[in-house]
Amino acid sequence: MPSMRRDLSLFEGYHSPQVDVEVRLNTNESPLRPSEEYCRELAEAVEKLELNRYPDRTAVDLRNALAAFHHVDPAEVFIANGSNEVISTLLLAYGGPSRRAMTFEPTYAMYAQVAKITSTELIEIDRDSDFGLDMFEVLEAYRDHRPDIVFFCSPNNPTGLDEDPEIIRALARNLDSLIIVDEAYGQFASFDALGLASSHANVVVLKTFSKVWSLAGLRLGYLIGPKEIIGNLWATCLPYHIDSIKQVAGLLALGRLDEMQATIDLIVSGRKQIEAGFDGLGVSYWRSSANFVLFKAPKGKGDDLWKELVDRSVLVRNCSGWPRLSDCLRVTVGTEDENDRFLKALSESLSQLRS
Ligand code: PMP
């Protein structure tokens, strides 16, 4: 048998357990399918594609449309198969052996995963007890470790909290580090880092079609940042990595901003519904700026509560075994009906655990 790289051989990889349930609120997707009109328009566009030909290698039309959408130059946009692939391309180009990446934990687990795969040394700094960041401690950690790459996630997955823009700005002054701001859930946040990307040579901002655009199945994400960095990513990625169908699908989605905005409105009101339900049940949670909410099970009951919910056909993310998140579960905001079913199941489960 061929042997796998030794540093990866005991590696489990990233996975989110899937269970066959009626209400799936575990992976932070949009609860809505794309509209019927969009699907029809896409089907018509796909019929016209020359699928015997390789796709446009740098997705010029989609890149121009994304640039116009964000008021940046097309040379400041890199596109890939979901923002996960953008993260992986970033670490291929800027990480690797003898390079260091810094994360603030808890945060999105893919940063650590891609660091491992690319043999990038990972420096994990703990957030404070409320999952915020302290300017003094961040600067001290930065000075101690001098990372080549720093990850911020705003709003942060899994806490739902916005990062502090002043802290990002303070680190961005160190021009020899690449500052990645992951805004996968940015449409809900109180600030966006695009201004920082346009005024700093080392700040890049990550976006995705997987959340409010209702297109997680499409695998489309992108990065906005300085031309030099973006050029290096286009040079690092595989040729023809963004297929023709995805290019046209992204382009057509950008023409339907009103549908995306309606999804945001639905999610924000669903989040209020869930938070009000938590208040009513006396469940503690972190006030979220995203499409999910992190909440606490009774002490020592994280796994039990997750199972009780699954027994009632509701799947949330069990974070209770993750470092610093004992007894924490994360629920994705669903439709009004799904949120109701979750809250009903939660109420019953909590009563069951108390009895
Ligand atoms: N960043 C964050 C913070 C996420 O939570 C996710 C999805 N769970 C991603 C990036 C990846 O999104 P995608 O690859 O679907 O664009």
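**Exercise 1. Which loop holds Pro158?**

Solution. This is a predicted model, in which local features need pLDDT of at least 70, side-chain atom pairs count only at pLDDT 80 or more, and totals for chains, interfaces and linings use all residues. Residues are numbered from 1 along each chain as its sequence is written, and side-chain values use heavy atoms, with hydrogens and water left out.

Step 1. Find the flanking elements: helices (H or I, at least four residues) and strands (E, at least two) are DSSP runs, numbered from the N terminus.
Step 2. Pro158 lies between strand E5 (149–153) and helix H6 (165–172).
Step 3. Check the backbone there. The peptide bond from Asn157 to Pro158 is cis, with omega near 15 degrees.

**Exercise 2. Find another cis peptide bond, and a residue other than glycine with positive phi.**

Solution. 
Step 1. Recall the background: most residues other than glycine have a negative phi, and most peptide bonds are trans.
Step 2. Go to Glu105 and Pro106. Their bond is cis, with omega about 0 degrees. Pro106 sits in the loop between strand E3 (100–105) and H4.
Step 3. Go to Tyr240. Its phi is positive, near 60 degrees. Tyr240 belongs to the loop between helix H8 (227–236) and helix H9 (244–254).

**Exercise 3. Describe the surroundings of the ligand.**

Solution. 
Step 1. Count the shell, taking residues with a heavy atom within 4 Å of the ligand. There are 13, and the closest are Ser83, Asp182, Tyr185, Thr208 and Ser210.
Step 2. Sort by class. Ala, Val, Leu, Ile, Met, Phe, Trp, Tyr, Cys and Pro count as nonpolar, Asp, Glu, Lys and Arg as charged, and the others, Gly among them, as polar. The shell has four nonpolar, six polar and three charged residues.
Step 3. Look for the main contributor. Helix H3 (residues 82–94) gives the largest share, three residues.
Step 4. Inspect the ligand's oxygen atoms. A polar backbone atom of Ser83 is 2.6 Å from one oxygen atom of the ligand. For Thr208, a polar side-chain atom lies 2.6 Å from a ligand oxygen. In Ser210, a side-chain N or O atom is 2.6 Å from an oxygen atom of the ligand.

**Exercise 4. What lines the largest pocket?**

Solution. 
Step 1. On a 1 Å grid over the protein atoms alone, a pocket is an open set of points where a 1.4 Å probe fits, with protein on both sides within 12 Å along at least five of seven lines; lining residues have an atom within 4 Å of a point.
Step 2. List the lining. It has 22 residues, and Tyr14, Ala109, Ala112, Trp322 and Pro323 lie nearest the centre.
Step 3. Name the top element. H4 gives the most, three residues.

Definitions and conventions. A residue is near a molecule or strand if one of its heavy atoms lies within 4 Å of it. A polar contact is a pair of N or O atoms within 3.5 Å; within protein, one must be able to donate a hydrogen and the other to accept it, and residues adjacent in sequence count only if both atoms are side-chain atoms.
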